[in-house]
Amino acid sequence: MTSRHGRSESAVSAIADTASLTPRRRTVVKAAAATAALAGPLASALPARAVQQAPAFLHGVASGDPLPDGVLLWTRVTPTPDALPGSGAGPDTEVRWTVARDRTFTDVVAQGTVLATAASDHTVKADVRGLRPATDYWFRFSAGGADSPAARTRTAPAADASVAGLRLGVVSCANWEAGHFAAYRHLAARGDLDAWLHLGDYIYEYGTGDYGTRGTVVRPHSPAHEIVTLADYRTRHARYKTDPDLQALHATAPVIAMWDDHEFANDTWSGGAENHTEGAEGAWAARQAAAKRAYFEWMPVRPAVEGTTYRRLRFGRLADLSLLDLRSFRSQQVSLGDGGVDDPGRTLTGRAQLDWLKAGLSASDTTWRLVGTSVMISPFALGSLPATLLKPLAKLLGLPQEGLALNTDQWDGYTADRRELLAHLRGNAIRNTVFLTGDIHMAWANDVPVNAGTYPLSASAATEFVVTSVTSDNLDDILKVGEGTVNAIASPLIRAANRHVHWVDTDRHGFGVLDLTAERAQMDYYVLSDRTKAGATAAWARSYRTRSGTQRVERADAPV
């Protein structure tokens, strides 16, 4: 596929004082702990306009998981005005899908029908095959004389194709209440994306006002309460799908999506979540099952192994993309000081998924091996000590031997899995592995060191590009200070303690654009002027790349 692009100690003290406040449930980003350390119902899910006639396509259309010969198409039909998302109401409705080579649908190449029922919340999917590789197509849905909007999608190149370039939008962490999704609008407006990658937290589970928004709810959730039941999760997904900027991006290019914790509840692990009270909020197994069912109903994603989101896509001989599910199989997170982060009996990935990832990386014959990881794999330590002091201290305190972890929800809390994966990359001379990451609400460009304590003298096994949040609070929002205030203090300290970190921006919201060629993988970072404004502008902030064969990140002077 050829891409078509042709500060003072008192300021630090103030941060520490603010960050020391501890709510019953965490209502700030997972990186909030780092701040302190561095310083020492249903109807509202529809658009405001009333449903004038039925059926209608009020939630847009989408495509996803592109293959060389096909793509997955999605929509939700509202057959009658009372068939609200999550209501269980509304008749069975036949929906026709049409795929064409042109926007006017004069050259139709595939069509068919699917039945929308209340059992699937009147969402429908069509897994269309028999298409040409690396080709743009247009698609739409029809029901009862009404047509959906027309949308563009694109197939992946043939598995053995020589591909000159690949361009992916990259996003994560979109809290509805915190602002508008201008990041999606700007990605949609580019018109040059082969696909876009959502690294998790596509929705948030909290009730209105329960999660950080700088103290201001820009636009309320639906339902207003924390989502727990299947009807709740369906309604929340429906609310998100009414956003015009999100609809625009879905109508422009196929999405490749994976979940993180907020598609379920904050800090999800295999047997529960930080933001779940067993009994009072029902059984975790029931909540998790409801969240997964709603996700696969409302997202253009093919269920993968064991009904999870870990799977692999390929883009010719240029790149393959392994998408991880780091919530369904992980052991419960440990608290700092509790020990256990180095326990080989604890896992982030689960044994089967880690073996699948390692085998896929070994067997890959593409130039680039991309890995979508919802949480950061690079170590994030507070300070550096000589190995003679660090290892005994780490063992005494139960902290990772790579350094003092600040966020045990990341790979830092599961160091045995990380060591095994990085050792596999080094031991098998697997080059050009690039981790693509969200979750932490900050932008990073990292080398992934085999041994952080001796880096840069020790080797780098891979590189990592972390994108910031679309809207979810980052450090300046948590502390309610001016944009850039925290970063000016935090960034130098983070980089001094973590020499593998080339750049970190703790304060801004935005998105990334990953551009691949055989010679390099480059991430262009873009930031928004104001997340609370629907018309927010976007500006280029920084670019970093890794050249083929180097396993190191370097700064690029301009976006591609």
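Let's start with strand S6, residues 136-143: 6 of its 8 residues are buried, so S6 is largely enclosed by the rest of the structure. Buried means under 20% relative accessible area, with exposed over 50% and partly exposed in between, using a 1.4 Å probe and protein chains only. Strands here are DSSP runs of E with at least two residues, helices are runs of H or I with at least four, and both are numbered from the N terminus.

A word on the source. This is a predicted model, where local features need pLDDT of at least 70, side-chain atom pairs count only at pLDDT 80 or more, and totals for chains, interfaces and linings use all residues. Residues are numbered from 1 along each chain as its sequence is written, and side-chain values use heavy atoms, with hydrogens and water left out.

Which strands pair with S6? Strand S3, residues 93-100, pairs with S6 in the antiparallel sense over 5 bridges. Strand S8, residues 151-154, is antiparallel to S6 too, over 4 bridges. Strand S7, residues 146-147, also runs antiparallel to S6, joined by 2 bridges. To count as a pair, two strands need at least two bridges found by DSSP.

Now look at Trp138 in S6. Ala100 stands opposite Trp138.

Next, charges. Side chains of opposite charge can pair when their charged atoms come close. How many salt bridges does a search of the whole structure find? The count is 35. A salt bridge is a side-chain nitrogen of Lys or Arg within 4 Å of a carboxyl oxygen of Asp or Glu.

Take Arg167 and Asp515, which meet at 2.8 Å, N to O. Arg167 lies in strand S9 (residues 166-171) and Asp515 in strand S21 (residues 510-516), so the pair ties together parts 348 residues apart in sequence. Both residues, Arg167 and Asp515, are buried.

Another pair is Arg330 with Asp409, a salt bridge at 3.0 Å, N to O. Arg330 and Asp409 are both buried.

Last pair: Asp473 and Arg531, in a salt bridge at 2.8 Å, N to O. Asp473 is buried, at 3% relative accessible area. Arg531 is buried as well, at 6%. Finally, salt bridges with shared partners join Asp65, Asp127, Arg129, Arg302 and Arg311 into one network.
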